Amino acid sequence: MIPAAPVVEQRGDDSASSAPLTSYLPLTAPVSVSTPAAATVSAPSTPSGPSAPSTPSVPSGLSAPGFPEAQVRARARTGSAAVFPDPAAYGAHLFGPAAPAAPAVFGGDALDRTRIVPPVFMPERLEKLIDLAREPEFGDVDLTARVGGFTARLPLYLSAFGSTRAGSGDLAVHASRQAARLGIPMVIGENMVPVHGYRKAGDATRSALRARVEAYLEAAPDGAGGIVVQQSTEDADSEVWNLLYSDPAFRPLLETGRLAFELKTGQGAKPGLGGMTVVGSAEAEQLARRFTVREVFGEDAPQRLRCATPGTFTEEILRQQLRFMRNNFPKARTWVKFHPGRDIEKAARTAWAAGADAVTVDGAEGGTGWAPGVFLDQVGLPLGECLRRIGRPEGCLLATGGIWEGGRAVRALALGATAVGLGRAALVAVDEDPEHGLERLVEAMALELRLLISALGKYAPAALGPDDLWDPVQGAVPC
């Protein structure tokens, strides 16, 4: 059985000095969070012994070039306190905008440059006032959401980490456990089984995938969250979904409707390509039977490039694949993930029409794995443009790509997303504090979401719309 919900006032099981976790509770005032003694906490190594997960350890010194890493680490340390300026400066500093036109984190894409614009007249606030018989506060914003058929305590989910070294090691296991405590869905990325193997309960060692699943189940509350497992071309050859669907360990998830399978058709880090990782020569020999392995780093280099295939899709192939998923795995939710292609609107609507419970769009700002620099800098549509092209969604739309704070999340939600995913931000936060870093990051985001949604005179993420935004370049954001 899935464990019962933990007491929400407690942060964890072995940190008595940690502050209460209230990121998904109605907040009526900023929550103070204790700061860990160390500024940076590296992930502990995998424990030894027959019961330890056989997952690779991630080296200390994890970094995220081009990403607001320092801000994310500060939030992982201090939680909601990072939302505000230093309180020691209160009464001494006069706070205003950083500059007349503050630079955007990701080079001025449409989502970053768009401003959130509250109205003067707020009929929905009046409705809330009448309902509550008092003036509404930001703590009255309800952040619960239905995410791809799951109930989530926040409009967030843990984005897919695949078989890369950072995404399949200790950090991913810690992130899984914290995502479960937060009551948000977790996506497990591609190539986990072809690379790391799959061993059922009772075996001497466990695979990386099972280590993440078991960590999530240990902390999962009743009635919230869920696990999503991707499958790509190589995963299909390994029959990943068949393995999971028939494994008794997943039966509680099936019986409670909290297991989904996600068809992976692309990724934001390298649109149009499959997954890539760096492997040693010995590992390359083992993986060469399932993947293409190339010597791109030089003949004498100890590293090899392992390449997965992206898969081939047309409208009809996509429809047939989704029909296959629904017929063969009727108790699992059906998700599909697209890279930021120029025909993203047609792809999303094709998937919804074929019965997908969720469509995930991975903007060009996304990615936690290994990718060619030319793809990171020059290929794929930004997330904001993807959302603009899709317009009003016909089903559950999930968005990921450069999400780390409440403002970008609110703009994505206003443009039609049901929930937003945390990828690099989650790994950086867990690297900062393996026990509670992701929880504190989400605590800060939850406070910002409540503040911003309330400022717009609304009290649920689903109430947001394009009229809540203004693009200084294009003017009003089109519906």
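Modeller: The dialogue below treats the sheets, then the packed helices, then the cores.
This is a predicted model, in which local features need pLDDT of at least 70 and side-chain atom pairs count only at pLDDT 80 or more, while totals for chains, interfaces and linings use all residues. Residues are numbered from 1 along each chain as its sequence is written, and side-chain values use heavy atoms, with hydrogens and water left out.

Colleague: Which strands form the closed barrel, and with what pairing?

Modeller: Strands (E, at least two residues) and helices (H or I, at least four residues) are DSSP runs, numbered from the N terminus. Two strands pair if DSSP finds at least two bridges between them. Here 8 strands close a barrel in the order β4-β5-β6-β7-β11-β12-β13-β14, with parallel pairing. On average, neighbouring strands of this sheet are turned by 25° against each other, direction ignored.

Colleague: How many bridges join β11 to β12?

Modeller: Strand β11 (residues 333–338) is joined to strand β12 (residues 358–362) by 4 bridges, and Val336 has Val359 of β12 as its bridge partner. Strands β12 and β13 run parallel and are likewise joined by 4 bridges; Thr360 has its bridge partner Leu398 in β13.

Colleague: Which residues cover the two faces of β13?

Modeller: In a regular strand the side chains alternate between the two faces of the sheet. In β13, Leu397 and Ala399 lie on one side, Leu398 and Thr400 on the other, and all are buried. Buried means under 20% relative accessible area, exposed over 50%, and partly exposed in between, with a 1.4 Å probe and protein chains only.

Colleague: What is the order of the strands in the open sheet?

Modeller: The open sheet of 3 strands has the order β8-β10-β9, with antiparallel pairing. Its edge strands, β8 (276–280) and β9 (292–294), each pair on one side only. The twist from one strand to the next averages 35°. Between β9 and strand β10 (residues 303–307) there are 3 bridges, and Arg294 has Leu305 of β10 as its bridge partner.

Colleague: At what angle do helices α4 and α6 pack?

Modeller: Two packed helices are described by the angle between their axes and the distance between the axes. Axes are lines fitted to C-alpha atoms, for helices over the stretch in contact, and angles run from 0 to 180 degrees between N-to-C directions. Helix α4 (residues 170–182) and helix α6 (residues 208–219) pack at about 30°, with axes 7 Å apart. They are therefore roughly parallel to each other. Angles under 35 degrees count as roughly parallel, over 145 as roughly antiparallel, 65 to 115 as roughly perpendicular and the rest as oblique.

Colleague: How do α12 and α14 cross?

Modeller: The axes of helix α12 (residues 344–353) and α14 come within 8 Å and cross at roughly 60°. That makes α12 oblique to α14.

Colleague: Which residues of the largest nonpolar core touch the most other members?

Modeller: A nonpolar core is a set of buried Ala, Val, Leu, Ile, Met, Phe, Trp, Tyr and Cys residues joined through side-chain atoms within 4.5 Å. The largest has 94 residues, and those touching the most other members are Leu209, Ile227, Phe261, Leu322, Val336, Val359 and Leu438. Helix α17 (residues 437–455) gives the largest share of this core, 7 residues. Another core, of 14 residues, lies apart from it and includes Val147 and Ala358.
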